[in-house]
Structure formats: structure tokens, C-alpha cells
Number of protein chains: 6
Amino acid sequence: MNKVVTFGEIMLRLSTERHLRFSQANKFAASYGGGEFNVAVSLANYGVSTEFVTRLPNNEIGACALKEMRKYNVESKNVVYGGDRLGIYFLETGAGTRGSNVVYDRANSSMATIEQGEINWEDVLKDATWFHWSGITPAISESAAQECLRAVKTAHTLGLTVSCDLNYRSKLWKYGKAPKDVMPELLQYSTVILGDLDTAFFMLGMDQVEPDYQDEKSLPKLYDKLFKTCPNLKTVATTLRYSISASHQQIGGVLYDGNHLYTADIKDVTPVVDRVGSGDAFMGGLIYGLINDTIDKQKALNIAVAACCLKHTISGDYNLITLDEIERLLSGDASGKVSR
Amino acid sequence: MNKVVTFGEIMLRLSTERHLRFSQANKFAASYGGGEFNVAVSLANYGVSTEFVTRLPNNEIGACALKEMRKYNVESKNVVYGGDRLGIYFLETGAGTRGSNVVYDRANSSMATIEQGEINWEDVLKDATWFHWSGITPAISESAAQECLRAVKTAHTLGLTVSCDLNYRSKLWKYGKAPKDVMPELLQYSTVILGDLDTAFFMLGMDQVEPDYQDEKSLPKLYDKLFKTCPNLKTVATTLRYSISASHQQIGGVLYDGNHLYTADIKDVTPVVDRVGSGDAFMGGLIYGLINDTIDKQKALNIAVAACCLKHTISGDYNLITLDEIERLLSGDASGKVSR
Amino acid sequence: MNKVVTFGEIMLRLSTERHLRFSQANKFAASYGGGEFNVAVSLANYGVSTEFVTRLPNNEIGACALKEMRKYNVESKNVVYGGDRLGIYFLETGAGTRGSNVVYDRANSSMATIEQGEINWEDVLKDATWFHWSGITPAISESAAQECLRAVKTAHTLGLTVSCDLNYRSKLWKYGKAPKDVMPELLQYSTVILGDLDTAFFMLGMDQVEPDYQDEKSLPKLYDKLFKTCPNLKTVATTLRYSISASHQQIGGVLYDGNHLYTADIKDVTPVVDRVGSGDAFMGGLIYGLINDTIDKQKALNIAVAACCLKHTISGDYNLITLDEIERLLSGDASGKVSR
Amino acid sequence: MNKVVTFGEIMLRLSTERHLRFSQANKFAASYGGGEFNVAVSLANYGVSTEFVTRLPNNEIGACALKEMRKYNVESKNVVYGGDRLGIYFLETGAGTRGSNVVYDRANSSMATIEQGEINWEDVLKDATWFHWSGITPAISESAAQECLRAVKTAHTLGLTVSCDLNYRSKLWKYGKAPKDVMPELLQYSTVILGDLDTAFFMLGMDQVEPDYQDEKSLPKLYDKLFKTCPNLKTVATTLRYSISASHQQIGGVLYDGNHLYTADIKDVTPVVDRVGSGDAFMGGLIYGLINDTIDKQKALNIAVAACCLKHTISGDYNLITLDEIERLLSGDASGKVSR
Amino acid sequence: MNKVVTFGEIMLRLSTERHLRFSQANKFAASYGGGEFNVAVSLANYGVSTEFVTRLPNNEIGACALKEMRKYNVESKNVVYGGDRLGIYFLETGAGTRGSNVVYDRANSSMATIEQGEINWEDVLKDATWFHWSGITPAISESAAQECLRAVKTAHTLGLTVSCDLNYRSKLWKYGKAPKDVMPELLQYSTVILGDLDTAFFMLGMDQVEPDYQDEKSLPKLYDKLFKTCPNLKTVATTLRYSISASHQQIGGVLYDGNHLYTADIKDVTPVVDRVGSGDAFMGGLIYGLINDTIDKQKALNIAVAACCLKHTISGDYNLITLDEIERLLSGDASGKVSR
Amino acid sequence: MNKVVTFGEIMLRLSTERHLRFSQANKFAASYGGGEFNVAVSLANYGVSTEFVTRLPNNEIGACALKEMRKYNVESKNVVYGGDRLGIYFLETGAGTRGSNVVYDRANSSMATIEQGEINWEDVLKDATWFHWSGITPAISESAAQECLRAVKTAHTLGLTVSCDLNYRSKLWKYGKAPKDVMPELLQYSTVILGDLDTAFFMLGMDQVEPDYQDEKSLPKLYDKLFKTCPNLKTVATTLRYSISASHQQIGGVLYDGNHLYTADIKDVTPVVDRVGSGDAFMGGLIYGLINDTIDKQKALNIAVAACCLKHTISGDYNLITLDEIERLLSGDASGKVSR
């Protein structure tokens, strides 16, 4: 049976409700989330055995994050404890012409101050089949980047499939290193990469490109450059997102396996209840599709796109969607009928 | 003066707010509703003298339901008491590509366990002019079906107009009878039927049809079959609903009186605040139109469609809309101007 | 440096949440607002030194309104105290085909019962460069109208730019005077007028017109009539609003300076979180543009339209929008990207 | 069968939650209440046929008040409509050493501007046995005082028992008349008076007294003076209230019938959830006791005190308490056991 | 290492907030609980390996209950699925002289309709050291009683310590059996019993007693009768509860081991935030004390009493208290200092 | 006219509502506070001209804190901007035997990373008469301690009265210095000290004492030692607090001026709505009393104690109490009467 391990930071998310601006709020909805954990929740929802590895502070807020992992059936036995605080992000949810706004307060978090050797990766990964990380972890601190590299190398050595969501965040990468100093080595070991082509090229320190995702001819050539740079790469995928407004998005996807380019139809997503975590929903759907032998690549991409669309209808970071609901959407029923 | 009596079950409705999934909610909005009661509230809003007959448990939750009837000016003097519980339904309101979800918990409710003879229908209906029931009541239990039949027969004998909303619910009908075992006799006495043609044929045990509601030629022929089967039938109407998404619906309507086919223009309904009860709003508008001598059939259908559209903008089961607001919409003002 | 003084009434705003009808609400969101104060908040957000002059009751509710002025950095040192109550308005926010509904309860407010001489306008306006009033103040009571006239005259004498938002409210004007009895004298001193042409002609007692805002040829001629009637007029502007539904509006604008007609493109605004105060947001943007020497008239109009659009995404009366956000929208980014 | 009619003002009550000060609140809990209506709700809860007469504005806020009457089973068929607004009171609930604070905003309400002849008292009272009014109504305006007098006289003529809760409010009586100008005539017709002796003497323009409610000897002599002044008086009662703090009260009562002095033991009331309306709860209990032939005067007083105590545990103006709960408390069970 | 298994029903708990009566509430706080599950949560909080066995419906509400088990770290791997509904209880939290009120709606729940053989008790209990049940399970239905007996017998055979909280609920036991028909056999296998002596005698069908818990002489004699009836009994304990009011309780405890009577001092508990589950908190503390070799019986009783007291300060059914907090209270610090 | 400047950190306060534990909360009430800012709010409420100096991050959360200063009329013109984050503290409000719990997350805040020279103290203090600081600022970081010393020295040089609330927090002082390394120099310049004697001796590195605050003989001798150590000291005061439980406190006070010992009666405070900031309320009352020539020292102490008591009835950090309310309490009216 498959088991997926994801590694990263889980944060306290403090969001205003009903589109209020920060200055109008006298309360914050409190939930938890983070790219790699969100992927784990997706997979747990789909019935995949999943574990999340992170570092939590030894205080009540850290304990809340742990309870959240348990609630959503994500194994937490290899979580390590230390450091002073759980990272926080503040979210103001936009509407129409006003975009959402994120204020990060995650510096010096327990995860950012992780120390080498705290996690025994051989032990953690010994019965796993897939390891997932994202470009956020190497962006938060030098020690997090190093721990990520140790994890990726161990996973590679143990023969796990390694996936990475590039997840470039310009507000991070503040500790003195640029993506191109760190990401190339990390991506060497990756089997699956999710991200825009221009982001991938930027992170790998390659010449910038302006991919035309409608041009199914030129696209494989660009992807091939990635395959050349990343020796273990087997699959690259990209979420296509066209933003009409903060409340109306259009979502599609592209997947390339070195031979064939797969594309998924663009779907309208309106209204947007909460778009944070929709990329992680794509990633979760993609892993679910790729990990199952009975699902072909086109279907895997379709699942990823459907999961991403459905995530937009859900408050909070997680994609609380069942496989049934994904299937219903894929079978053409986007009609929002009341089930009764 | 007209007086309408409706008969059915009123339930406690427990819904998550702001599109939360059940697993995210730590509170439920509590309201009350049920198809036949919702029709009564609509009519009371329009100034029609209205009474609701049901069976309530003798506990505090039943008392809340009774207060709700009073609040909305629906006469409750013939409510009977007994049984153990008020039926409940849980509602998770969808958005966009994610449909709403209803979890019924109404088995063994006070209404489902009603015993024959508890209601003196001659007495209840003696000063009424219209009796309304729906396909939900015969679906919840054998005894409810029998009581419904007694009511319908008495109403017919006393010369009341009898209307039925077919309201097929696949999650009900669990007590051993199928619609075709029960509905044909009940529908014999009905003067007005609201429902899809295929549902009607299915419930009457007739050959299935696939009506094309755009085809104004073939439609009367299909309706004529209903008229043949239901000897007292005078009016059949159907809500036309096209679901673009859970947040965007298109609503129209068709009415046939045995001679003439009336149609109402399709209206866009977006966003959908709450679609539960929108069929009941249509029914309430239709009865209001048909019961008033000064309103012709086309206008009655238009009112029904407008009421149905407006209901989608209101939280909860009831159509808390005034005649003024319906008139404003019918006169072309869907613009949502602020009235000040 | 510029300093803008606005004069009018601030009210307690009691609104139902989540589109609830009044009869469904057991709580009201409490905020504060009023046309001229809303303009002041806009300008304070943009960094303009701003003062609001009004009359407040000497009770705890008045004290809350004062705290609100301070919170949003609007100078309140010339507020006068007296009278019995803060005006109130109740708001039920519509959706789709159901418009919002305002119930005014502002009669006999402290502002409506202002007495002549309570405000020393020479003192208040001595270091200001701009005075703003609206057609609401002369509509609430005779004494408010007279105080408004004293203010306008003083501002004119002191050489301030005087702007007026016509703001016709049919539910006001109940004290025995019609707009044409009062507004012509007041508008004589105005340098900037915001309002529909038909409203302006109506308030000035002129022959009614039916302006075609798409007809850029005939429009200047109509505006020229205004310029003839109002000797100090330099700029007239109109918000163009097309209501698709309560949840979907289209916003544009027109500005005429006696020589040239400027127009701004129509923008889609959907969903509408709260449209109350969107006209005040237009006015605030317009003043900001006109008061800054570095901003040309086309840009000033564009800012006004963008501010008006963005206001629709914010709960409450105020346009809590930064100049950055306006610039981002003007530069074409209506995409609602998450900033992180 | 008995029927009680009460007459007075019902207001919108806007209260902060969880002991927040006004300046901290961004929402108000909205409910409805007023002394005489609260008495009606108490009696309806006890199963007494009850009607409330008032004047409501013809707007949505007035409609909410009407729905509230219906919800609590208080007959509203003789409510008249007119005037501009529903009276409002703002409530900040204290705790411990900080008392609760009420800000009235009830001037110019529909009830205060009632016009003579709007209510046909002969018709209203023809099948009633008891009429209840309070000292609030003659305090709000001259026309309300006059209408109250017409009601009291008619009730007296028709042979009804007339009860009055003196309810002195120093923040009212602002229209030019003092209690002693108005109350003596009104109290002439009263059969039952509830209030402190010093308040009664003050309102009747008699020499002030300082009653010692522990002195069961001197008390009858003071009460006898009242009986001499009010020719129809049969029963006087007083709530005894000792305030330890806003959260801890001690409640007892005294009743005198011209012959015998009845006293009820002092009960501790802590914590106080909401004390507004606790006097009305006493009044409701007293009427219930006196109206029932099977209840003696001592029991009537005990019921009044128990109802008053229990009201302190309930949010809002009304005493939502059943007879069972009163009996349980009277039988000595104040233990707060969970009923399950 | 110790492992405790508890068996019983988990319900959806719907409670009004801020002491509202049912008729005032338009929302319910939704949480989960049930006597035996509450004990499991207590033990999990103390770091004991704990598992809960129950039967859940295969719907979204059942899934919520499952997530709750996971969140609080209670093993759920042997939960079985079937039946139609999760049991519900409605809770209105009292204050002062008004007691809390529970409305049960748990008939026909998945747990009540459990079928024999669904749970493989040998497998479930094979690595456990302690089995806990309560008098609620045999009270809900015949099949639940039988399953409970199978569990108790298996636990006894496998050599587990078996504890029972008598938990008499007069609103249950409706299926045709009285406690004395069922409980004697079940209690035969119990090693630890928690409950009042009179309840124990009643359930065992013995002559009723009126124990005086202050009389440390006569008490052992009464307890000895229990020991004679229950051959495996080693420890009996009783929570002493004196109810001053719904907001003020006094809590103590008694423990008897066949030789020695242990008593714990009475502690004042005020205010009471939520008393539901406080008996389960006592039970959880008792098991924790008895299961640990390093804790003597006096200390075990003290822990049980302290846990019970602290539970009253926590909303919801569970005793979310740490061992540290219990120790702090036992060491005399009830002062409620802010820890900072 | 007097002007008071206070200096310190303002934090975002995130608290659970209704006594919920952190793990139960899915939202946090968001407010702002900090010892020295709380003192400033108290004084502003009393009508004293007050300014708060701090360092805020240049983000939306910092902007919220700034709006809070404005709302409560505390001058903010010398606030400096820089650093990454606003400090946060999480608060779980206890009840009864369960104390409140604070989780600090204030490391690396903008205030903690203040750099020397950012604040021009000569300029800030030039028109002030009083400077207030507390033992928290030197506890958070070395640079904050140094900036505090610069402020204190400048205030002393300019002839301001300097007051200090010792405010020892064991969870702070983590940067390598102990109080005795830093506080002695700071306290040299202080004219007024608020704090326990043992805390004062500890912070000054003197031999520990165990003061008996009931022993009015020995107390002056202990205080005299402080006067010897702190050459500018004129007044020492101590809040006396006896904790019965988290919900019941007893508050008194002692003041010594080098000659005479003043004491204030112990007052019962129950229930406790929120005790955070009650020491700051004492400090605010003390400064108000000492700064006014017309208030003698006994009255100053009484005001401080009354303010402290009243603060316990208010949610949030601030003492939102008027002088009127303090006077009412001092005049013996703790009865919590409704003011109406």
C-alpha cells in the first residue's frame, strides 16, 4: 500500500470573515494550514495513508496544530518539538476587483529554526513510497533548506517518488540565499514537479521563458529543457489560472511526461469562497492520480484540475472534498444540485 | 374569503453558515421548514388566511416549531401533539461547482408516527377553500400516507381545491411502498399538480417520458395524458430550472390548463443565497395567483416564477417576500436598486 | 498643504448580516456612516488632512460616533454637541434580484435640530482649502439647510473650493421645503457638482432632461446649462451606474469642465459586497484627483471610478481603500491575485 | 375564562453582548420589549389569554415587533398603525460593581405620537377581565397619557380589574407634566398597584415617606394611606430588591390587601444574566396569582417573587419561564439540577 | 503499558449559547459527547493510551464524530458503521435558580440499533488492560445492553479491570427492561463502580438505602453490601455533589476499597460554565489514579475530585484539563492567577 | 495643562471567547493592548492629554494598532515605524478554579528590535509633565531596555515626573540580562513606583523580604529601604490582590509617600469578566490622582483601587471607565443599579 510523507510548515491562519478588511475586524477566524500539510489532508481525504513531518513549538498553539493533523487523519508521529512559536499568516479575503491580501508573520517559527539531525529521515521514510516537499521550505530559512535537502536525498536513496510544488513566494527568501542557489540541487532528486515553466526556469537559474500554454507545439520543447536539467524528472505539471476577478477564476492544467502533453479543459470557478490552498489541491489530486496504477495520466490531470476547482468553494486551506465529489464534477455535473 | 390549509411535516433545519462543510462547523444555524409549511408562510406573507396542520412532539423543540408558525402568522390551532421527536435535516450550502448537501434525520418523527384519527379533517377543513399537500408526506411513512389520503378525500368531498407538489425525494420512500403504490389514488383528487412531467408519470406508474419543455407543440399532448389519468385535474405547472452552478440558476415555468399552454421567461438567478424552498415559493405564488379571481393564468405563472427567483436570495426555507417585491420584479426591475 | 472640511450627518448604521431580512435577524451589525463623513474617510485614507463637522448628542452613542471619526483619522475638534439622538438607518442588504432596503430613523436627530450659530464657520474653515457638502443636509431639516447655507457662503467668501454631491433622497425633504426652494442658492457657491444631470435640473427647478450619457455630442450642451445657472461652477461629474442586479453593477463616469468632456470606461462590479457609500467613494476619489496639481482631469475621473468600484467590495459605508489599490486597478490588474 | 389586555409601548432593544461597553461593540443583539408587553408575554406563557395594544409604525421594524407578539402568543389584532418610528433603547449589561446602562431613544415614537380616538377601547376591552397599564405610558407624552386615561376609565366602566405598575423612570416625564399632575387621576381607577411606597406617594403628590419593609407593624399604616387616596384599590404589592452588585441581587416581596400584610422570603439571585424586565416578571406572576380563584394571596406573592428571580436568569426583556419552573423553585428546588 | 477501552454512544450535542432558552436561539453550538467517550478523552489528555468503541452511521454527521475522536487522540479503529443516525441531545444551559435542561433525541440511533456480532470483542480487547462502560448503554436498547454484556464478559475473561459508572438516566430505560433486570449481571464482572449508593442498590434490585455520606462509620457497612453482591468488586466511589444553584456547586468524593474509607474535601465550584460531563471527569480521574501503581487511593480520589471541579469551568462534554492543572489545584492553588 | 507620555509595546491580543480552551476555539477575539498603552487609554478616558510612544511594523496589523490609539484618543504622532511584526499574545480566559493562560508570541517584535536613536526623546517629551514606563520594556530586549533608559534619563533631565509599574513577567527577561542588571539604574530616576515590595527588592538586587501588608507598623520601614535606594522616589504604591478564584478577587491598595502610609479598603470583585490590565487600571487611576493638585493622596489611592476593581468588569486590556463611574463606586454605590 502506498504511503505519502509530506514535509513543511503548518501555520496558524488568522482570517477576517465576510470580506472584512483587517481594520474592520474584531475577531479572526482561526484555522491551520500550509502548502505541504494541505497536500497531506487532500490525500488523507482520498483514503491514502499520509504523514506530515514538521517542527512544532511546545506550547498550546502548537498543540492545536497537532490536534488539527489528527482530526484530518494525517499521521503525526514523527513531528519534532522545539523552537518558540508557530508561524502565522493573516488573510483578508478579497472580492471582485479587490484581491486577497496575506500578511506573513512566520519568521523565527519553530519550523524555520529547525536544527540538523532533529529528524531521522531514514526512520521516517522507511515504509513510505512517496515524498512531497515544496519551494516554501527552502525559502524560509537556511536550516529549513538544509533539512529539506537531507529529506530529499534520503527519499531518493530509499527509492521513493519525490514530488515538488515550486510555490515561489516573493515575500520569503529573505535569509540571504536566492532560489537559484538552493533549488537546483533539491530539484535534481525530484520525480514530479508542479509549477509554471517560468518559475521553474527562474528557480533553476536558467534563461527566462514566456511559455504560451495554448501552444501545444512549442510547450514540449520548453519542458524538455527541464527534463535535461533535472535527471530524475518524470512528470511536470502546471496549473493554468486565468483571473477574471478575485471572485471569478478560470482553471485548467497541463501535464507533460517527457513524451506526451496532456491538457485539461478550462473550468469557470465562480464565486470564489477561498482560493488559498487551491494549488495544493491540484498537487494532492495529481499525486493521487499518479500513485494509483489504475489511473492514467489524462485522468490524473483531470482529477487535479477538478480538485483545484472544488477547493475554491471551501473556506480554509484544506481541500475537504471527497473522491465522489471529484468524480461527479468530472462526469459533467457542475450543476450544484441539492443532494436530497 | 379564501382560506388555505396545508398539511405536512415541519422540521428543524440545521445548516452550516458561510458555505462551511459539516466537518468545519462548530455551530449550526437553527431554523424550521418543510415543503407544505413553506407554502403556508408564502401565502401568509401575501395576506392569505392560512393554516398548517401537522403533528409535533410535546417537547421544547416542538414548541419552537409552534412559535415559528405563530411568528409568520400561520394558524396552528389544529396541530396535534404526540410522538417523540421533531424531524431534522442538516444542510451544507454549496457554492459554484459544489452542490448543497442535505442529510435527513427525520425517521420516526412525530409526523411520521401520526396515528389515524388524530386529526378531525371535517372540522379542520370546514371553512377552508383550498387544501395543499405534497409528495413528501406519503413518502415518510405508511401512516402519514394514510392520513394524507384521508385529508385529500375529505377536502375533495367538502369541495375544496386540492393542490399537490409532487416533490419526489429519492432519500425517502423507505417504508416499503413505492410512489406508484400510493400516489395514483392521492392524485385522483387533486385539482392542481406542480411537478416535472417525468416525475408525474413515474409516480403514477405510467410509461416514462422525456419532455422537451421548449417544444410547445408536443408538451400539451403529454400533459393531456395526465389529465386523463387524474379526473379532477384542472391545472398542471412545472418549474423549469437550469443549473449553471450551485450559485447560478435559471428559472422559468410552464402552466397548462387542459386548453392552453402558458410559459414564463427564463430568469437568471445569481448568486444563490439559499435554494432550499424555492419550489415551495413557486407553489405559493401559483396558489396565490389561482385563488384570486382578478389574476389570470399567465399572471399566476409569472408570479410563481418571480417568487421562486426571489426565494433564492433569502436564507432559510421560507419565501419572505412581499407582493410588492414580486410586482417590482415582474415590472422589470431586477436591478437591485437601494430603496431609500 | 490641502485641508478638506466636510459637513453633514453621521448616523448609526444597523444592518443585517448575510443578506438576512429584517424579520430574520436577532442582531444587527453596528457601524457608522453618512455621505459627507464617508467622503472624509476616503480622503483621510489617501493621506489628505480632513475634518468632519457635525452635531452629536451628548450620550454614549454619540461618543461611539466620535471614536469612529478618530479611528479613521478624521479631525473632529469642531464637532458640536446637543440634541437628543444620533440618527439611525437600518439596512437590509439585498442579493441578485432583491434590492437592498434602507429604513431611515433619522428624524429629530442632533444634526437635524442644529441651531444657528452653534458652529463658528470662519474659525472652522480658516485654514481649509476645500469645503464639501451634499444635498442630504438641506433635506433633513430647515435649520440644517440654513446652517449648510452659512457654511457654503463662508467657504465661498474665504476662497475655498466648494463641492456638492447632489444626493437626492426621496424619503427625506419632509419638512415643508422642496429641493428647488433651497438648492439653487446653495449651488450658486459650488465649484464642483457631482450628480445626475436630471437630478441637478430637478433640484435647480429647471426643465427636466433625459440625458444620454453615451452621446458625447449632446452632453456638453446640457452641462453648459448648469454652468450658466451656477456661476461658480468649474467641474461637473456624474457616476454612471447600470444595475444588472443587486449583486452585479456596471460603473463608469463622466466629467465636464466647461470645455472638455472626459469619460471613463465602464467596469463590471460583481459580486457587490455593499454598495452603500459607493457614490461617496466616487466623490472622495474625485476630490483627491482635483485637489492634486499633479493629477489631470482624466486621471481624476479614473480615480473616482476606480474608488467607486472598489468600494462595492467593502462592508460598511466607508471606502477603506488605499491609493495603491486604486493604482493597481487603474493599471489593469482587476484579477484579484493573492498578494503574498 | 380570563382575558388580560395590556397597553403600552414595545421598543426595539439593542444590547451589547458579553458585558461589552458600547464603544467596544460592532454589533447589537436585537430584541423587543417594554414593561406592559413583557407582562403580556409572562401571562401568555402561563396559558392566560392575553392581548397587547400599542401603536406601531408602518415599516419593517414595526413589522418585526408584530411578529414578536405573534411568536409569543400575545394577541395583536387591536394594534393600531401610524407614526414614524419604533422606540429604541440601547442596553449595556453591567457586571459586578459596574451597573447596566440604558440609553433611551424613544422620543417621537409611534406610541408617543398616538392620537386620540385611534383605539376603540369599548371594543378592545369588551371581552376582557383585566386591564394592565404602567407609569411609563403617561410618562412618554401627553397624548399617550390621555389615551391611557381613556383606557383606564373604559376598563373601570366595563368592570375590569385594573392593575398598574408604577414604573417611575426619571429619564422620561420630559413633556411638561410631572407624575403628580397625571397619575392621581389614573390611579383612582386602579384595583392593583405594584410599586415602592415612596414612589407611590411621590406620584400621588403626597408627603414623602421612607418605608421600612422589615417593619411589619408600621407598613400597613403607610399602605392604608394609599387605600384612602385610591378608592378602588384592593391590592398593593412591592418588590423588595437589595443589590449586592450588578451580578448579585436579593429579591423578596410584600403584598397588602387592606387587611393583611403578606411577605415572601428573600431569595439570592446570582449570577444575574439580565435584570431588565424582572419587575414585569413580578407583575406577571402577581396577576396570574390574583386572577386565579384557586390561588391565595400568599401563593400569588410567592409566584410573583419566584417569577422575578427566574427572570434574572434569562436574556432579553421577557420572562420565558413556565409554571412548572416556578413551582419547582417554590417547592425549594433552586439547585439547578440538570433535567435529563 | 496500560490501555483503556471504553464502549458507549457518542452523540451530537446541540446547545444554546449564553444561557439562551431554546425558543430564543437561532443557532446551536455543535459539539460531540457521551459519558464513555468523555472518559476516554480525559484519559487521552492524561497521556493514557485510550480507545473508544461505538457504532456510527455512515453519513457526514457520523464522520464528524469520528474526526472528533481523532482530534482528541482517542483510537477509533474498532468503530463499526451502520444504522441511520447519530444520537442527538439538545442542551439549554441554566444559571442561578434555573437548572439546565436536556432534551434527548437519541432513540433509534446507530448505537441503539447495534446488532450482535458486529464487534469482535476478543480482538478489540486483546491488548487492553482496562474496560470501561456505563449504565447508559444498557439503558438505550436491548441490543445495546446485550452487546455491553458481551463486552463485559470478554473483558472479564481476558483479565481486564472492568469499571462502570452507574449513570442512571430516568429519561432512558424505555425499551421494556428495568435496571434491575439487566444491571445485576453486568455488575457481577465489574471491578470498579462509580455511583451513589442508593442508585447502586436500586439498579441491583436491593432494598433502598439513604446513605449519609458524612457518617464515616455507617458508610462502610452499606458499601460492604455492594461488595457481597458484586463478587469481583474492588473499589466503589461516589461523587458528592451539593447544588447551591445551577451556577454554584460543591464537589467532594468518597472511595471505599473493602477495607478503608477515603474521603476528599468539599470544594466550591462557582461559576459553573458547564456541568455536563463532570461525572465523567471524576471517572476519568479515578481510572487514571487507579491504573497508576505510583498513585495511592487517597490521591486517586483527590485527582478525581479535582478533575470533576475543573470540568465545570469548561464548555462542552470533555474534561480538557491537563495533569499539571490538576496538580496545581491539588496543591492548593485555586486562585486563578494568570499564567504569564 | 498636564500631558502624560507613556512608552512601551502594544500587542495584538488574541483571546478565546466564553472561557473556551485554545483547542476548542475556531476564532479569536482580536484586540490590542500592552501595559503602558493601557495606562494611556485610562488617562485619555479621564480627560488627560496623553501620548503613547512605540515602534510599529509597516504592515496592516501595525496599522490596526495605530487606529486603536486614535480611537481611544491617545496621541500617536511620535510612533516610529520599522521591524517585522507586531507582538502577539494569546489569552485563554479562565473561570473558577481554572486560571487564565497567556501564551506570549512577542519575540522579535518591532518594539523588541527598536534601534537606538530612532526616537528623539527631547522632542517627544518637551511639552510633557509626566513620563510613564514599566518593567516590561527592559524585559523584552537589550535595545528596548537601552531605549527605555534613554527616555527615563531625558524625562528626568527635563524635570518630568517619572513613574514605573514594576510589572515583573517571568516569561520575559530571556535576552541574557536579569532585572537586577538593568532595573536599578532605571529606577534611580523614578518618582513613582507601583509594585509589590518583594518584586521591588528582587529587581533592585536587594535582600528578599516578605512584606505583611496588614502590618501598618513594619511596612513603612520596608518602604523606607526603597526610598534610600531610589534617590528620586516620592511615592510607592502596591495593589493588594487576594485571589479567591479566577472569578472572584479581592482588591485593595497601599500607598506610602515617605512619611505616611495610606490604605484603601479591600473590595470584592466578582464575577471577573477580564482581569488582564487591571494593574494598569490601578496605575492609570494613581497617576490621575497624583497629577491633579485638587486630589489628596488618600483619594488618589482610592481612585486607583476603584479603577482596578471596575476594570475587572470589562473585556479587553483597557479600563473603559469614566470618572463618574469611579466616583459612583467610591461613594458606596456598588449596587449595579440599572441607570435609566
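Which residue in strand 10 of chain F stands opposite F:His132? Read on for the sheet around it.

## About the model

This is a predicted model, where local features need pLDDT of at least 70, side-chain atom pairs count only at pLDDT 80 or more, and totals for chains, interfaces and linings use all residues. Residues are numbered from 1 along each chain as its sequence is written, while chains are lettered from A and ligands numbered from 1 in the order in which they are written.

## The sheet in chain F

The answer is F:Ser163. Strand 9 (residues 130–134) and strand 10 (residues 161–165) of chain F run parallel and pair over 5 bridges. Here strands (E, at least two residues) and helices (H or I, at least four) are DSSP runs numbered from the N terminus, and two strands pair if DSSP finds at least two bridges between them.

Helix 1 (residues 35–45) of chain F packs on this sheet, touching strand 1 (3–7), strand 4, strand 9 and strand 10 of chain F. Contact means C-beta atoms, placed from the backbone, within 7 Å. The helix direction makes about 160° with that of strand 1 of chain F; axes are lines fitted to C-alpha atoms, for helices over the stretch in contact, and angles run from 0 to 180 degrees between N-to-C directions.

## The sheet in chain A

Chain A has an open, mixed sheet of 8 strands, ordered 4-1-9-10-11-12-13-14. Strand 4 (49–53) and strand 14 (261–269) of chain A each have a single partner strand, so one side of each lacks a neighbour in the sheet.

Strand 12 (residues 235–245) and strand 13 (residues 248–256) of chain A pair antiparallel over 9 bridges, with A:Leu240 opposite A:Gly252.

Methods:
Contact = placed C-beta atoms within 7 Å.
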